[in-house]
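Me: Hi! I'd like to go through this model with you, a bit at a time. Could you take my questions as they come?

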Amino acid sequence: MTAWPVDYAGDHTIAAEVEVHGVGLHSGAHCRLRLLPSTRPGYRLGWLDQPVAQAQPLSPAQVCDTTLCTALQLGDRRLATVEHLLAALAGTGVTRVEIRVEGPEVPLLDGSALPWVEAIASVGLQALPSQATRPEPRQPVTVHGGGGFVTALPAADLQLGAAIEFAEPAIGRQVFSLLLTPARFVAEIAPARTFGLRSQVLQLRAAGLIQGGALDNALVCDGAQWLNPPLRYGDEPVRHKILDLLGDLALVGLPRAQVFAFRGSHRLHTALAAALAAEHAPLPA
Ligand SMILES: [Zn+2]
C-alpha cells in the first residue's frame, strides 16, 4: 500500500511516469493521458503530439465550459472532464506534475477518482524540498447561482463540505463534510462515482452527448431506486460532489479554507477557484 503524505504541507511529484487510457464520457472517443514527474510548480498540461515547451500551467482562467463537466481551453484545443483527475492529484498530495493528453477528453474510467489514485499509487510519490504555496482567502468568499452557493472561509487547513437536495427519493437530502487529508481522500472521497438521473441521461443521449456514458461509469438514479446498485457508500452522490469540488479547486491549488457547497455545480466551483486565484495572485510590481 502506498504511504500517502500525512497532510498537504509538503510538495510532492510522482516518482515515475504513468499512462492511463479509456473512453471520454462526452465524446465517446478513446483518450490517452500520461502523467510525468515535474519539479516545476503546479500542474502543467500539454498534448502528446506537441513539444513539451508548449505545455501550460493550469488555471481557472482556462475554464471554457461547465455544463456537464469542467472543460478547459488550451490554445486552440479543448480538454473536457478534467475534474476527477485533478481531484486525484490534489487529494493525494501531488502538487507538481506534467500532464500530456491525446484526445478531446480525460478518460472517465469508472466515473470516480479511484483509478487515478491507483495509477498514482502504482508509481508512488516523490517528496520535493520546496514548500507548496496554497491560496489563503483573507476574507470569506462566496459565489452563488442556480439555487446554490459555494463559500470559502479562511481556515488553518482544508475542510470540505457539501449538501445536495434532489426530489428523487433514492438521493433526497445528503450532507457530508471532512477535514481533508490524503488518507481520508483516498478512503472516503476518491471511490465515489459520477451520478445522473435516468430522465437526463436519456435526453443527453438523444442530444448526442455523453456518448461514452454507460452503466459501468456512472450511477443512474430512477426515482426511488438506482438502476445499477450497489452503491459504494450510502451517500455516494454527495461524496462525489465533494470530489468534483476538490477537482475544480485544484485548478488554483488546495486552499487553506473551509469550503462549503450547497447544491454546488462545476460553474460555481470554478467561479470560486477563479475568485481565490484573483486573491492569491501576486500584487503587480
Ligand atoms: Zn464528477
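Me: Which residue in β9 is the bridge partner of Leu45?
Reply: Ile99 in β9 is the bridge partner of Leu45. Strands here are DSSP runs of E with at least two residues, helices are runs of H or I with at least four residues, and both are numbered from the N terminus. Keep in mind that this is a predicted model, where local features need pLDDT of at least 70, side-chain atom pairs count only at pLDDT 80 or more, and totals for chains, interfaces and linings use all residues. Residues are numbered from 1 along each chain as its sequence is written.

Me: Thanks! In what sense do β4 and β9 pair, and over how many bridges?
Reply: Strand β4 (residues 42-47) pairs with β9 in the parallel sense over six bridges. To count as paired, two strands need at least two bridges found by DSSP.

Me: And how does β3 run relative to β9?
Reply: Strand β3 (residues 30-37) runs antiparallel to β9, and six bridges join them. One example is Arg32, whose bridge partner in β9 is Glu102.

Me: How many residues of β9 are buried?
Reply: Five of the seven residues of β9 (residues 96-102) are buried, so the strand is largely enclosed by the rest of the structure. Buried means that 20 or more other C-beta atoms lie within 10 Å of the residue's own, exposed means 12 or fewer, and partly exposed is in between, with C-beta atoms placed from the backbone.

Me: Switching to the sheet with β7: what is the strand order?
Reply: The order is β6-β7-β8, an open sheet of three strands with antiparallel pairing. β6 (63-65) and β8 (77-79) each have a single partner strand, so one side of each is left without a neighbour in the sheet. The twist averages 40° from one strand to the next.

Me: Which residue in β7 stands opposite Asp65?
Reply: That is Ala71. β6 and β7 (residues 71-74) pair over two bridges.

Me: Now helices. At what angle do α1 and α5 pack?
Reply: α1 (residues 83-92) and α5 (residues 236-249) pack at about 80°, with their axes 7 Å apart. That makes α1 roughly perpendicular to α5. The axes are lines fitted to C-alpha atoms, for helices over the stretch in contact, and angles run from 0 to 180 degrees between N-to-C directions. Under 35 degrees counts as roughly parallel, over 145 as roughly antiparallel, 65 to 115 as roughly perpendicular and the rest as oblique.

Me: What about domains, where do they fall?
Reply: The domain assignment, which is automatic or from a database, gives domain 1 (10-131) and domain 2 (141-280). The contact takes 33 residues from each of domain 1 and domain 2. On the side of domain 1 that touches domain 2, α1 gives the most, with nine residues.

Terms used:
Two residues are in contact if their C-beta atoms, placed from the backbone, lie within 7 Å.
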